[in-house]
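Dear colleague,

Please find the structure below, together with its sequence. My notes on it follow.

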Amino acid sequence: MIEVENLHKHFGSKVAVDGVSFTVKKGEVLGFLGPNGAGKSTTMRMVTGFLPATKGRVRIGGADIEENEIEAKSKIGYLPEAAPLYSDMTVEAFLRFAAEMRRVPAGEIQAAVDRAIETTFLEPVRHQSVDTLSKGYRHRTCFAQSIIHDPEVLILDEPTDGLDPNQKHEIRQLIRRMGETKAILFSTHILEEVEASCTRAIIIDRGRVVADGTPEELKAKATNAGTVVLRATGLAGSGIRAELEKLDATASVEVVESSDEGLTARIQPAKGKADQLSAAVFGLCKDKSLTVHELKVEEGRLDLLFREITKKETEK
Amino acid sequence: MDALITLLLEFAIPTLVVAAVFVALLLYALPREVRTIFKRELKSYFTSPIAYVLFVVFLGISNALSFFFTGVLEGGEADLFLPYFQYLPWYLILIAPAVGMRLWSEEQRLGTLELILTMPLAPWHAILGKYLAAAVVLFTMLVLSFPIVWTINFLGEPDNGVILAGFVATYLVALCFLAVTSVVSAITRSQLVALLVSVAICLVLWLGGLPHLSEMLMNLKGGWLVAWPVLKLINSVGVMPHFTELAKGVLGLRDLVFFVTFIAFCLFATSVAIRVKRA
């Protein structure tokens with residue numbers, strides 16, 4: 001549904017987006033991650049046709065955003081980062097305006113407005129003027145206008161910004177649910193959000209895509225992925241450590257706590273042997289008749305990967 | 001009483017015709033998007049105090065000045081052009097930009113420009129819809145100045161056809177100034193800047209058409225090689241001569257074409273300004 005090909009954006013001599021490509025298919029929720037100023041919003045603004053690209057193409061459901069502007073735009077629902085609204089309208093009037101603009105047939109406008117209000121929990125402020133709304137309500141009102149015409153493609157720039165934890169949870173669920181039938185691209189810098197609602201994620205830094213995969217694939221790339229944590233007793237800590245280091249699958253052993261009775265350690269797998277490490281450690285404990293209190297394989301952590309990748313880029 | 005009814009008819013019919021043409025245009029000839037933008041914008045004018053404040057200011061100034069200082073009453077002859085209409089464009093230099101200053105600068109300040117331009121509509125839909133809403137505000141303002149016509153009719157027997165021409169000419173000048181404001185407001189997000197710059201440009205446009213300037217240009221042709229083309233340009237887009245012709249009741253095609261071309265050009269320039277600002 002969303003095809004982005006080699007997108008560039010230059011502001012004067014500053015390169016904001018430097019060759020970004022990705023696709024989002026129907027039924028996919030693509031998380032767009034990156035530090036502030038990485039080019040997330042600029043990319044989204046080009047995808048929605050607000051900013052013209054310096055180079056590259058964007059196609060929405062096959063329609064080019066520049067050559068076939070109106071067709072492409074009619075398939076998109078868009079929540080801009082600042083959640084802009086007309087302050088002199090009521091929530092309901094604004095949503096009616098959005099529905100008309102988004103080409104909802106005249107007879108279905110009321111139903112569409114009611115549905116959007118219900119989905120985004122706006123009932124208490126339905127008749128309230130926009131300029132009296134709290135930040136969370138403002139954000140949700142703008143979110144409501146993006147889904148009012150039940151679009152095939154949803155582009156959400158930080159959709160949970162300014163919401164309380166309960167509302168965040170609801171919106172994530174909503175995104176996940178809508179993602180089953182739509183193509184969704186949403187940006188965030190909250191990593192748990194990616195795990196909660198994305199089927200795929202892209203990390204972008206300094207205008208370039210630096211990682212692309214499912215949350216699981218990305219997590220596997222983090223340096224802590226596959227690390228085995230062991231807490232065992234029955235032998236002196238230093239003895240266990242020596243044995244662990246002898247294993248083929250071990251790259252290094254980091255001792256967290258050590259005593260005469262035993263140790264707690266984090267064992268890094270050697271390259272390509274991550275899947276053998278836990279079995280090898282368990283075998284070792286069995287051979288040496290150690291009492292195992294804890295043995296677990298760590299999942300990679302997204303925040304770690306995020307920091308590693310974006311830091312590396314900064315150092316370059 | 002009969003006189004008032006006749007008078008109302010004389011003016012009500014043309015006014016209604018204009019309004020009917022306008023409504024028909026909106027409903028049948030223009031896309032739904034233009035209508036939606038127009039409706040929202042018009043509502044926004046009348047839910048905020050701005051339209052009412054401007055009405056009061058305009059009617060106050062125009063009526064007070066013509067009654068007390070320019071001698072509509074003392075003139076003895078029932079002619080509105082000299083005492084009334086010739087001053088209206090001067091007030092409009094301020095009033096039209098005050099009506100139009102929010103058109104695009106407000107969209108930029110609120111960030112709603114990003115919403116509008118990512119909705120499925122061509123930029124000209126939005127430009128036209130907003131422009132028409134502001135044009136209706138100015139139209140209402142002129143309609144509200146009707147009491148002066150009634151007064152003149154009460155006092156004497158003026159040529160109402162000429163008075164109507166005066167209103168038409170005044171309205172066309174107001175639309176020109178509004179179109180200029182549309183361009184300027186697309187360039188800045190500050191309404192104040194939009195107002196000041198537009199007023200300055202409208203002033204130049206108005207004065208640029210001064211008959212004296214044309215004469216001066218004739219004499220200067222030899223010497224001022226650098227300034228001459230610039231002055232000539234300003235003189236050629238000067239609004240005043242076109243206004244004067246029309247307001248006297250001379251309905252010239254040349255003047256009408258000038259107004260229509262000028263407004264169309266400004267609306268096109270607005271779309272360019274919006275596009276350039278994003279790139």
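B:I5 is partly exposed, with a relative accessible area of 44%. The model is a predicted one, and in it B:I5 belongs to helix 1 of chain B, which covers residues 2–29. Together with B:L9, B:I13, B:V17 and B:V21, B:I5 makes a nonpolar surface patch of about 450 Å².

The side chain of B:E107 takes part in a polar contact of 2.8 Å with the side chain of A:Y86. A polar contact of 2.9 Å also links the side chains of B:E107 and B:T112. Leaving aside residues up to four places away in sequence, B:E107 touches A:Y86, B:E41, B:R102, B:T112, B:L113, B:I116 and B:K130.

As for chain B in general, this chain holds 15 helices and zero strands. Of its 279 residues, 50% are buried. Among the contacts in chain B with a separation of 6 or more, 81% are between residues 24 or more positions apart. The chain exposes about 13100 Å², and carbon and sulfur atoms supply 75% of that area.

In chain A, the domain assignment gives domain 1 (2–220) and domain 2 (228–298). The centres of these two domains of chain A, taken over C-alpha atoms, are separated by 46 Å.

With kind regards

Conventions
Residues are numbered from 1 along each chain as its sequence is written. Chains are lettered from A and ligands numbered from 1 in the order in which they are written. This is a predicted model: local features need pLDDT of at least 70, side-chain atom pairs count only at pLDDT 80 or more; totals for chains, interfaces and linings use all residues. Side-chain values use heavy atoms; hydrogens and water are left out. Patches are made of residues with over 30% relative accessible area and no salt bridge: like charges are joined within 9 Å, nonpolar side chains (Val, Leu, Ile, Met, Phe, Trp, Tyr) within 5 Å. Accessible areas come from the Shrake-Rupley method with a 1.4 Å probe; for residues, only the protein chains shown count as cover. A salt bridge is a side-chain nitrogen of Lys or Arg within 4 Å of a carboxyl oxygen of Asp or Glu. Helices (H or I, at least four residues) and strands (E, at least two) are DSSP runs, numbered from the N terminus. Buried means under 20% relative accessible area, exposed over 50%, partly exposed in between (1.4 Å probe, protein chains only). Contact means heavy atoms within 4.5 Å. Domain bounds come from an automatic or database domain assignment. A polar contact is a pair of N or O atoms within 3.5 Å; within protein, one must be able to donate a hydrogen and the other to accept it, and residues adjacent in sequence count only if both atoms are side-chain atoms.
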